Amino acid sequence: MSIGSEKEIRHLAKRHRKAKVFASFCAAVTWSGVVLLAVLLYQVSIDGFAWLDWQFISSFPSRFPERAGIKSALVGTLWLIGLVALISIPVGVSTALYLEEFAGKGRFAKVIEVNIANLAGVPSIVYGILGLAIFVRYFALERSLVSGALTMSLLILPVIIIASREAIKMVPMSIRYAAYSLGATKWQTAWAHVLPSSFPGIMTGVILALSRAIGETAPLVMIGALTFVAFLPEGPMDSFTALPIQIYNWVSRPQEEFHQLAAAGIIILLVVLLIMNATAIYIRNKTERRLK
Amino acid sequence: MTQKQLTETPDTDIQSPVSGDTSIRQSRIRWGEAMIKGWLGLCAIVSIVTTAAIVILLVSESLNFFENVSPSEFFFGTTWTPLFEPSSYGVLPLVWGTLIVTIGAAVIAIPTGLASAIYLSEYASDRVRRIIKPVLELLAGIPTVVYGYFALTFVTPSLKTFFPDIQVFNALSAAIVVGIMILPMIATLSDNALKAVPVSLRQGAYALGATSYEVTTRVVVPAGLSGVMASFLLAISRAIGETMAVTLAAGQTPNLSLSMFESIQTMTAYIVQVSLGDTPTGGIAYQTLFAVATLLFSITLVINIVSQLILNRFREVYD
Amino acid sequence: MSQVSDSSTRDVSQPKMHKKSVLEIRDVDIFYGENKAVNNISFNIRRNRITAIIGPSGCGKSTLLRSLNRMNDFVEGARVEGELLFANENLYSNDVDPVEVRRRIGMVFQKPNPFPKSIYDNIAWGPKINGFSGATDELVEKSLKQAALWGEVKDRLHDSALNLSGGQQQRLCIARALAMEPEVLLMDEPCSALDPISTAHIEDLMFELKEQYTIVIVTHNMQQAARISDYTAFMEMGDLIEFNVTKRIFTRPAVKRTEEYVTGRFG
């Protein structure tokens, strides 16, 4: 085909058509994902909305759908968030700080890095098995909030570490050099300058990790979070249930009403997640503005 | 330029921050610093301990299992009935269940995820990106039980209108739902990989008279291929490890059939089944849990390692 | 005459420094991995004087400067051989604490790097973490006056340092370093990122600081070196070509290569 011949022009038109079709295809696929999300949320809402009332939030589960409520599960989940945050944030951020500020490029650091990358990909149910064997059985912590919190913390630790490392890496070296040149030690520099500057990024990563922890069911099933809990936990050593477990339990029942109850539970769960993410975005914006 | 006068401030009432007479040698060990470094290092070791614990636990209990059941029965047997008589320990039905759900999910998620990534990185305006990116994050953040619920109450009934023979618990529903679950992962990671390809590469291709389709498929995607492939592998690994959605959608029936309309059991669903039931510790049934878990762990580990290798070895370095 | 027993860690071969020099560079080589960046350099830094290090890009002057306060420690694979004497110790001997060294030898960098904090906190932080518990307000004021910045910021000490202009930020960094009352102030091309007016401000500043501090400045601006320094070291490709009183370097240099550089025939 010579340049400018009729054949080439027709071929060019075909190529352009192909490009247009391709672009439209990609766009359609992407937007259908948005549509899908909307459908999913809509479906859940109409199924469960009717059951959402104060009685639902303030009652314990029951064999009778009209009397069943989500109180114990909600409280259990809140307890869990608190304990998991308490355990995983210090350990995760400390690890990230260690890897970025203190460890060299030596083999020790590399081994830890590889470990974390692999742990990030381990299925959550394996963490459940680990928690069962180590926390519930070996340390005899029974099926308590502590067991659940420790297991979930191990699960989300890689996420927190990786996200925190990214945030810490973004602090420019020039700030550290300035601090060192004033006779500051590595920790003084990390505490006074690196951590505050990377705080927004770390916070975002932490919230993402905690959101994941809230939605995970399999590990809690493994360590034995109970499915019919008609009391509120009063301390970390008490047994408990959690939102995803309760939802799973209700979905597994054949009766239609329990499915709707499950939908209502899902709405509550999504609301909790929404609040957490909104808090993260708020904190991130607030601290980012302060740094500017 | 006028010379500014140095202010005469009496030095006596300002304590000097530095005493010029102290030796620059280490006068005292910085205990605080050492302890802090110790604590930080200890935290870092938690990851190593976790990995070690997982490996030791799984391997030791699996060895116990293989004292009672021969590996050939386990790996090549086609009947899985460990919990009732007559007991049979062939794991292939579970592996098959995991396989068809994963492949089904991949067939759905890989083309659509990649197409979304291409749309986001090559075609979408900033405004569109600002809408779609959060949507993807939301989709990724939805808990797996919700997808299980969605499968049971929406997907399966919808499928029934097209395929009336489909069972309440079926593999297709699970595959669809898991596909939706891993789609955001592929889209986001691939988008990152494609966005990392420098604009100059695209511009060079456009300058030669290529269409957007040609630039995308012949220049951009090949350049970002390592990241794209790594995202596929990570998503597949995630699909293999998925538990609750498949348990709810596909049921608990170990089944080697080729039909996707029937109930199957994945490795993960089996593990949940055992732990929800009253299985005595130490019995053979309890050990099957670890054997299956070890198999699951090994498969995902291999996939993750391969994906990391691809990322590290074949990543294009643009400079 | 009784034998006075010094502290047992006193080395018999205690290096003695010339009483007028605050830093002595003796046969120093600096390597980055296998690469030798600085080759067998020796000269002294005299107290209360400004010593300039000049030379074309890549000649090793910044590397040498960074080794004077052990900032090279943060570069992977950097290695220093030879002796760098300060306070009668070799900076690189094993029992020297680099944090201590940096307390007493301060640095100002090429690009201003204030902390993303208030002006006040920028200056107060260094002394605070080093145990200063005295009158911080006065220290901040004194340092800002020494850096000729007080007048411009005295009403907004608690504003963010990032709101200052480039020249002001650099003077803030100088004030921050001065708050530590270092014995030596190292300056690595401090004006290269600034406009001519800010540069002139800072050059004036250095004249005044000379009375109290010792300054070592790396600069690629020959005219600047000629204007403000007392001694000049000319480096090329890691070697010290010539070290002398500034006046001589720029009017009657002893080495032909020096003459070629300062008359602009290369570099």
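This report describes a predicted model with chains A, B and C, covering confidence, domains, the A–B interface and selected residues.

## Conventions and confidence

Residues are numbered from 1 along each chain as its sequence is written, and chains are lettered from A, with ligands numbered from 1, in the order in which they are written. Because the model is predicted, local features need pLDDT of at least 70 and side-chain atom pairs count only at pLDDT 80 or more, while totals for chains, interfaces and linings use all residues.

The model scores ipTM 0.90 and pTM 0.87. Chain C has a mean pLDDT (the predictor's confidence in each residue, from 0 to 100) of 89, and 94% of its residues reach 70 or more. In chain C, confidence is highest in β6(C), at a mean of 96, and lowest in β5(C), at 88. Residues 1-12 of chain C have pLDDT below 50, and beyond near neighbours in sequence this stretch has zero contacts in the model. Two residues are in contact if their C-beta atoms, placed from the backbone, lie within 7 Å. Where pLDDT is low, the predicted coordinates should not be read in detail.

## Domains of chain A

Chain A is divided into domain 1, residues 6-50, and domain 2, residues 56-291; the bounds come from an automatic or database domain assignment. Taken over C-alpha atoms, the centres of domain 1 of chain A and domain 2 of chain A are 35 Å apart.

Five residues of domain 1 of chain A contact five residues of domain 2 of chain A. On the domain 1 side, these residues divide into two nonpolar, two polar and one charged. In this classification, Ala, Val, Leu, Ile, Met, Phe, Trp, Tyr, Cys and Pro count as nonpolar, Asp, Glu, Lys and Arg as charged, and the others, Gly among them, as polar.

## Interface between chains A and B

In the A–B interface, 61 residues of chain A are in contact with 62 residues of chain B. Several helices of chain A each supply at least two residues of the side that touches chain B, among them α1 (6-48), α3 (71-102), α8 (186-215) and α11 (256-291). Helices (H or I, at least four residues) and strands (E, at least two) are DSSP runs, numbered from the N terminus. The largest share of this side of chain A, 18 residues, comes from α1(A). By class, the side of chain A that touches chain B has 43 nonpolar, 15 polar and three charged residues.

## Chain B

Chain B has 12 helices and two strands. From the N terminus on, its elements run α-α-β-β-α-α-α-α-α-α-α-α-α-α. Of the 319 residues of chain B, 48% count as buried. A residue is buried if 20 or more other C-beta atoms lie within 10 Å of its own, exposed if 12 or fewer, and partly exposed in between, with C-beta atoms placed from the backbone. Among contacts in chain B between residues at least 6 apart in sequence, 73% join residues at least 24 apart.

Helix α9 of chain B, residues 225-241, has 17 residues and reaches 24 Å from its first C-alpha to its last, close to the 24 Å expected at 1.5 Å a residue. The expected span is 1.5 Å times one less than the number of residues. Because 14 of its 17 residues are buried, α9(B) is largely enclosed by the rest of the structure.

## Strands of chain C

Strand β6 of chain C, residues 105-108, is covered on both faces: Ile105(C) and Met107(C) on one side and Gly106(C) and Val108(C) on the other are all buried. In a regular strand the side chains alternate between the two faces of the sheet. β6(C) pairs in the parallel sense with strand β7 of chain C, residues 184-188, over four bridges; two strands pair if DSSP finds at least two bridges between them. Val184(C) in β7(C) is the bridge partner of Ile105(C).

## Selected residues of chain C

Most residues other than glycine have a negative phi. Asp27(C), in strand β1 (residues 21-32), has a positive phi near 55° and is exposed, with 11 other C-beta atoms within 10 Å. Ala87(C), in the loop between β4 (78-86) and β5 (89-90), has a positive phi of about 50° and is buried, with 20 other C-beta atoms within 10 Å.

Gly82(C) is found in strand β4 and is partly exposed, with 17 other C-beta atoms within 10 Å. Not counting residues up to four places away in sequence, Gly82(C) touches Arg26(C), Asp27(C), Val28(C) and Asp29(C). Cys191(C), in the loop between β7 and α7 (196-209), counts as buried, with 22 C-beta neighbours inside 10 Å. Leaving aside neighbours within four places in sequence, Cys191(C) is in contact with Thr199(C), Ile202(C) and Gln224(C).
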